[in-house]
Amino acid sequence: MNDQRESRLIALAAVFLFLYSVILTLAPAVREQSLNVAFRLSHWLGFAAWLLLAFLAYRVTSRLLPDRDPYLLPSALFLSGWGLLTIWRLDSGFGLRQALWLGVGVIAFALIAFFLKDLNFLRRYKYILLGTGLALTTLTLFLGTNPTGAGPRLWLGCCGVYLQPSEPLKLLLVVYLAAYLADRLPTSLNFFPLLWPTIFATGIGISLLLVQRDLGTASIFIMLYAVILYLATGRRRVLLAATIGLIVAGLIGYFFIDVVRTRLDVWINPWNDPTGHAYQIVQSLLAIANGGTIGRGPGLGSPSLVPVAHSDFIFSAMAEETGLAGTFGLFAIFGLIFARGLIASLRAKDRFRRLLAAGLTTYLGIQALLIIGGNLRLFPLTGETLPFVAYGGSSLLTAFVALALLLIISNQTDVEPVPLPSPQPYFFLAAALGLGLIAASLTNTWWSVIRSSDLLARTDNARRSIADRYVKRGSLLDRNNQPIDATEGSSGSYKRVYLYPELAPVVGYTHPIFGQAGLEASLDDYLRGLQGNPSSLIWWDHLLYGTPPPGLDVRLSLDLELQQRADQLLGKSTGAIVLLNAQTGEILVMASHPNYDPNKLNEIGASLAKDSTAPLVNRAAQGMYPVGTAAVPFYSTLGEVNAPSTQQLQALFEKLGFYTTPQLSLPVAIAAPRDETANLQVSPLQMALAAASLSNSGMRPAPRIALAVNTSQQGWVILPAQTQPVQIFSADVAAAAALQNSLQNKIYWGWIGSANSTKTPVTWYLGGTLPNWQGTPLAVVVLIEGNNPFTAQYAGQELMRAATKP
Amino acid sequence: MIGALVLALRLLMVLALYVFVGWAIWTIAQDVKRTGLQAMPRRVPAIRLEVWTQNGQAVSQAFSQPEVTLGRDPACDVLLDEETVSARHARLSYHHNQWWLEDLESTNGTSLNATRLNTATVLTNGDEIQCGKARLTVSLGNNDTLPIAQKL
C-alpha cells in the first residue's frame, strides 16, 4: 500500500512537472504572440533527469524501506523538480548543475538508505561527525572561496565543485544534539551540568559562523539548539531564553554590525531605499505582485529582474510564474513534509530517533519559513536556501540526507512508540510550523492580490518596459494623421521611433531607462492600451500574456507642416512658439528650442539632464517668463486709463488666465500666485490663450492638444477639452483691442513686447487674426530668450501668413 | 490562440498540484478514519470471576477490559496467592465476540471444567477454571456491559 501511494504521488508530481515543461516550451510563442519563434527545449533534459532520479529514488525506498512514510519522498521530489525547472528557466547553466547535484543527492539518499539503516552509527560517532563538520567549517576560514568570485567566503571548492560546509553542519548539529540528549536526559537529574557539552559544541559552531559573517546560519543554529532542547526537556524557559538571546543579538548587531543594520532597516522600511539596499526585496515584492492569483505561467513572467533569483529569491520567481495558486500548493507540500516528519518522530521506537526526526523536521521548517518569509518581507532577509528547491549543491545534498534519515526513522511497523513524557513541545512545534505557513499565505495574499496593482504601477517596475518590447505601443499622429511617434519592429523587439524629433520637448519620449516625458507620459494609458480598451480585453490580455493589449493611436491637434515652418523660423534662438486655433483652443504649433533627438536617447540621455540649456524643458508650456510690456495690448480693455492701478492689473490678469494653470494633457508650469503683478511670470501657452481671446470675440478658449483616440470598437473617439472657454471681454472690447494693434495690409494684429525683470531679457511677439477675418481665428505667441524683437516679429508674422494662407 | 491554449495548460498544471496535495490529504484522512474506527470504544461484556479461597469463601471480581491475567505475580489482574500457581499462569481475553481462556505455559497447567487446556478455549457462563490448585467460577453478565476507556 505504501508503494502504491508513493508511486501515485510521484506520478502526479511528474504530471505537474510535465505540464510545467510544456508551458515553458511554448512560452516564447505566447510572449511574442506568434508561432514563428525559437521554442525553449533545453529544460526537457532537466525533466528527463528528474524522471530518472525519481524512479531510482522510488525503487530504492520500496526495496530497502518497505514500511516508510509514503508522503515524504514524493513531496521532496515534487519540490526538487519544481525548483530544478524554475532554475533551468532562469538560467540553463545553473539548471544543468542543479540537475547534477540532484543526482548526487539521490545517490547519497540511496547510500544512506542502504548502509545506515541502523542509526546507532550516528548515535555512537556523534562527536566525530560534529567534529568533522566543525573542522570543515574552520577550513573555510583559511581556504574559503566564493563561487561567484565575490562576497563571503563560505565555500570549499576544487575543480569547479563547491561545498558550503555550514549546510551539512546544521544537519550534524541536529544529529549530535539528538544523540547526546537522548543518551543523557533520562538518567540525569541535574539540568545544567548536563548541558555544558551541548552549549560548548553549539557555541563553537556559532562563533565560527559569526567569524565567517554567516549570520543567517548562526541564528538558525540558535533556533535549532533551543527547539531541540525544548523537545528533549519540555522546559519552556529554553525557548524564552533563546528568544531573548536572539533579540539581544539582533539589537547588538543593529548597532555594531553594518550588514545586520542594513538588513533590518530594509526590512522595516524598504520603500525608503528601493534602488539601493532594498532593491532586492522591492523587486521580489514586485515579482510576487506580478504573479497575482494564478501567476503569469512558467516562462511568462520576468523573475530574473530580481537579483540572484535562482538561489535566495527562488520563492519570488515561483510566486511570479505560478501565482497564489502555486505558492499555496507549495506551502501545502511543505506542510505535508512537516506533518509527516513530526508523525514519524512521535511514532519513533526510541528517544534518539524521536529527537532526530523532530530535529530534522525543525531544520527543514525553520530554513523554509525563514527564506519564504524573507522573500515576502515577513521576516528580515537571511541568505538561506529553500530546502529541496533553491539552487545550491550543498543545500540540496543536505536536504536529501535529512530526507533519507526521516524515511529510515519512519520505516517501522506496529512498533510500540517510546513513551512521551510531555507532548506539549511537539504540539508547540507543530503549531509554530503551521502558523508560520499560515502567516506566509496571508502575507503572500496581501502582496499578490490586495497590493498588487499599486506595486505594479511603480516606476521601478521594469515589467512595463519589457511589455513595451512585446506589445505595440500606439502612435502619436498630427491632425492630418501624419505620424509623429510610432513603434516599429516586430514583437520581442518593438522600438519607439520619433519621426519628427524636433518636437521632442513637447511629445517627450518613452524609454526603458529614462522613463517617460511629455505627451508620451501624459497619454501613456491610451498609448499602452490600458485606457480606451474594454476592461474585459485588458483583463484577458493580462491573464494570457501578462501584458496590456495593443496600444491605441492618439491624434494630436498639431499640424506638422506649420510646426516644421515654426521650427525653421525659431532656428537657433532659444525660445518657444505657440500657435493655436483661437476658437477651439486646439494647439497647431508648439515649438521649444533648443531641443534634442529622442532617437539618440541611449547615447545622450545621461547628459541631457545636466545640459545647462535645458533642452528637456518644454519652454512653451513649462517655461515661465516675465510679462513686461507684452500685456499692453490688453490694457485698452480697461477703458481710457493712462496707467492701470495694481487692482486693475490683478483683475485683468485674472481674466487673461495668468493666474490659472492651463489644463490639458501635457505637463505645464503651475501658474503664478494671485497677488503677483509687477514681477508676474507666465508661460507662452498662457499668453497665447490670452491673445486668442482678442481674436475670438473676447472668449478665452480652453486649450487642447490630444484630439481623439482610435479605439478598436468605436473608431475615433473625441477627447474633449478639460476646461470650458471663458468669456472674458465683450466681443466689441476684444475687437477694439485687436484692431488697435492691426498691421497695415494684414489680416492680423501684432505686438512686440519685452521684459527685463530677470537676468536675461525676453522678447515677446503676440499676434492674432482680426475680427473681420473670415477663416478660422488664430493666435500666435513667440517668445525669445534675449533681446531679439526682429526674429520674434518675423517668426510671428511669417507663421501667421503661413497659417492663414488659403 | 496559443495564449488560450497555454492558459488551459496553466490551469491544468495548477490542478495537478492540487490533486497531489488533495490526494495526499485524502489518503491521510482515510488512515485517520481507519485508526479511529479501530480505537472506537468497543463494548466488552463484563466478566465476573469468583475466586474460591482455601477456607471455601468466594471473592468476586468484575472486569471490563478486554484482557485479564491470572497469576501469583502482583502485577496480574487476578492475584492467586497459591504455591501451585505460576507467576503468570493464564489469560482471559475478549475477541471475536467471545471470552477466551488460554494457558500461559504454566508449570501446573490450567483446566476448564476439569479438562486440561491445550489451546485457547471459549468460555461460557458458569464455567469452572482451575489454575494449579486455585479454583475460579466464571459468570458472564450479558446485560451489564461496560465500555472500555478510549485509547488513541
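**Figure 1. Confidence along chain A of the predicted model.** In this predicted model, the mean confidence within chain A is lowest in strand S1 (residues 156-158), at 69, and highest in helix H3 (residues 72-90), at 96. Over chain A as a whole the mean pLDDT is 89, with 98% of the residues reaching 70 or more. Where pLDDT is low, the predicted coordinates should not be read in detail.

**Figure 2. Overall dimensions and composition of chain A.** Chain A contains 30 helices and 19 strands. Its C-alpha trace extends over about 115 × 55 × 45 Å along the principal axes. The radius of gyration of chain A is 36 Å, whereas a compact globule of 806 residues would have one near 28 Å. Of the 806 residues in chain A, 51% are buried. Among contacts in chain A with a separation of 6 or more, 69% link residues 24 or more positions apart.

Figure 3. The largest nonpolar core has 158 residues, and Val174(A), Ala178(A), Ile228(A) and Leu403(A) touch the most other members. Helix H13 (residues 314-346) of chain A supplies the largest share of this core, namely 17 residues.

Figure 4. Strand S3 (residues 476-477) and strand S4 (residues 483-488) of chain A run antiparallel and are joined by 2 bridges. Leu477(A) lies opposite Pro483(A) of S4(A). The hairpin formed by S3(A) and S4(A) has 5 residues between the strands, and Asn481(A) in its turn has a positive phi of about 60°. S4(A) also pairs in the antiparallel sense with strand S5 (residues 495-498) of chain A, over 4 bridges. Here Glu488(A) has Lys495(A) in S5(A) as its bridge partner. The hairpin of S4(A) and S5(A) has 6 residues between the strands, and Gly489(A) adopts a positive phi near 100°.

**Figure 5. The buried strand S18 of chain A and its partners.** Strand S18 (residues 762-769) of chain A is largely enclosed by the rest of the structure, because 8 of its 8 residues are buried. From S18(A), Val762(A), Trp764(A), Leu766(A) and Gly768(A) point one way, while Thr763(A), Tyr765(A), Gly767(A) and Thr769(A) point the other way; all are buried. Strand S17 (residues 748-755) of chain A runs antiparallel to S18(A), to which 8 bridges join it. Within this pair, Ser754(A) stands opposite Thr763(A). S18(A) also pairs with strand S19 (residues 778-785) of chain A in the antiparallel sense, over 7 bridges. The bridge partner of Gly768(A) in S19(A) is Ala779(A).

**Figure 6. The contact between chains A and B.** Chain A contributes 28 residues to the contact and chain B contributes 19 residues. The side of chain B that touches chain A consists of 16 nonpolar, 2 polar and 1 charged residues.

**Figure 7. An open sheet in chain B.** Six strands of chain B form an open sheet with antiparallel pairing, in the order S3-S2-S12-S11-S8-S9. Strand S3 (58-63) and strand S9 (115-116) of chain B are at the edges; each has a single partner strand, so one side of each is left without a neighbour in the sheet. Strand S8 (residues 110-112) and strand S11 (residues 128-131) of chain B run antiparallel and are joined by 3 bridges. Leu112(B) has Ile129(B) in S11(B) as its bridge partner.

Conventions: Residues numbered from 1 in each chain as written. Chains lettered and ligands numbered in written order. Predicted model: local features only at pLDDT ≥ 70, side-chain atom pairs only at ≥ 80, totals over all residues. Core = buried A, V, L, I, M, F, W, Y, C linked by C-beta atoms within 7 Å. Buried ≥ 20, exposed ≤ 12 C-beta atoms within 10 Å, placed from the backbone. pLDDT = per-residue confidence, 0-100. Rg over C-alpha atoms; globule rule 2.2 N^0.38 Å. Contact = placed C-beta atoms within 7 Å. Pairing = 2+ DSSP bridges. Nonpolar A, V, L, I, M, F, W, Y, C, P; charged D, E, K, R; others polar.
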